[in-house]
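Here's a walk through one protein model, going from a few local spots out to the whole chain. Have the coordinates open in your viewer as you read.

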Amino acid sequence: MELYSGYMNRLIEELSGLPGIGSKSAQRMAFYLMNLPQERVARFASAVLEARQNVRHCKQCCTLTDQELCPVCANARRDGKTIMVVENSRDLAAYEKTGKYEGVYHVLHGAISPMLGIGPGDIKLKELMARLQGDVGEVIIATNSSLEGETTAMYISKLIKPTGVKVTRIASGVPVGGDLEYIDEVTLLRALEGRTEL
Ligand code: ZN
């Protein structure tokens, strides 16, 4: 259906492939972009392209970074013996914002989901196990409290147990009233402090 132009259709199709963007939002975005000055659009396009070209996985914790090692892994003051396992770089950022966690991370880039066909081989588990060859005292599993997150936590704990490394699971936090940003940090810290051994 050629309602607009071939170019517009292509743009709308690309945009609607983004997470959380339905066809209506995609159309709105496409029209918005067409009304912007060319140089704004060029800046936007090159930001997308350059980020994709230059962002890579930290060779230690797999988080997204511009360098070979992310700032956390590159920081000699961090406790490299404590590894917190999170599902994505956004979770890492949330814990970093608390400013209270001194260990390092491991970013899985997903969670095991039999329903979506995501198996243990599709997330950065092999990389985590390789890190346990080194001097590691505790692995804190901080995957989400969703079905996928819990499945992943169980799977990882079973995998790590035989190595003798201590495995803990964060407590699921209960939000309390107040400023949202502040709640998140308090909740995260409470979940971290209330972690239990698996
Ligand atoms: Zn790193």
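Cys 70 sits in the loop between strand 2 and helix 4; strands (E, at least two residues) and helices (H or I, at least four) are DSSP runs numbered from the N terminus. Cys 70 is buried at 2% relative accessibility, where buried means under 20% relative accessible area, exposed over 50%, and partly exposed in between (1.4 Å probe, protein chains only). Setting aside residues up to four places away in sequence, Cys 70 touches Cys 58, Cys 61, Thr 63 and Thr 65, a contact being heavy atoms within 4.5 Å. Cys 70 and Arg 195 are 125 residues apart in sequence, and their C-alpha atoms are 26 Å apart in space.

A word on what you're looking at: this is a predicted model, in which local features need pLDDT of at least 70 and side-chain atom pairs count only at pLDDT 80 or more, while totals for chains, interfaces and linings use all residues. Residues are numbered from 1 along each chain as its sequence is written, and side-chain values use heavy atoms, with hydrogens and water left out.

## Cysteines without disulfides

How many disulfides does a search of the whole structure find? The count is zero, taking a disulfide as a pair of cysteine sulfur atoms within 2.5 Å. Cys 62 is in no disulfide, and its nearest cysteine sulfur, that of Cys 61, is 6.6 Å away.

Cys 62 belongs to the loop between strand 1 (56–57) and strand 2 (64–65). Its phi is positive, at about 75°, although Cys 62 is not a glycine. With 5% relative accessibility, Cys 62 counts as buried, and Cys 58 is buried too, at 2%.

His 109 lies in the loop between strand 4 and helix 6. This is another non-glycine residue with a positive phi, near 60°. His 109 is partly exposed, with a relative accessible area of 27%.

Gly 110 is also in the loop between strand 4 and helix 6. At 23% relative accessibility, Gly 110 counts as partly exposed. Which residues does Gly 110 contact, leaving aside neighbours within four places in sequence? They are Glu 87 and Ile 123. Pro 120 is ten residues from Gly 110 along the chain, with 9.7 Å between the two C-alpha atoms.

## Two nonpolar cores

A nonpolar core here is a set of buried Ala, Val, Leu, Ile, Met, Phe, Trp, Tyr and Cys residues joined through side-chain atoms within 4.5 Å. The largest one has 36 residues, and those touching the most other members are Met 84, Tyr 95, Tyr 105, Val 139, Ile 156 and Ile 160. Elements that give two or more residues to this core include helix 5 (89–98), strand 4 (103–107), helix 7 (147–160) and helix 8 (180–193). Strand 3 supplies the largest share, four residues. In soluble globular proteins, nonpolar side chains tend to be buried together.

A second, separate core holds eight residues, among them Ile 12, Ile 21, Ala 26 and Leu 33.

Asn 88 is in the loop between strand 3 and helix 5. Buried or exposed? Asn 88 counts as buried, at 18% relative accessibility. The C-alpha atoms of Asn 88 and Ile 160 are 20 Å apart, with 72 residues separating the pair along the chain.

Ala 191 is part of helix 8 and is buried, with a relative accessible area of 5%. From Ala 191 to Glu 150, 41 residues apart along the chain, the C-alpha distance is 15 Å.

## The whole chain

Zooming out, the protein has eight helices and seven strands. Its C-alpha atoms fill a box of roughly 60 × 40 × 35 Å along the principal axes. Of its 198 residues, 36% count as buried. Among contacts with a separation of 6 or more, 53% are between residues 24 or more positions apart.

The protein exposes about 12,600 Å², and carbon and sulfur atoms supply 55% of that; these areas come from the Shrake-Rupley method with a 1.4 Å probe.
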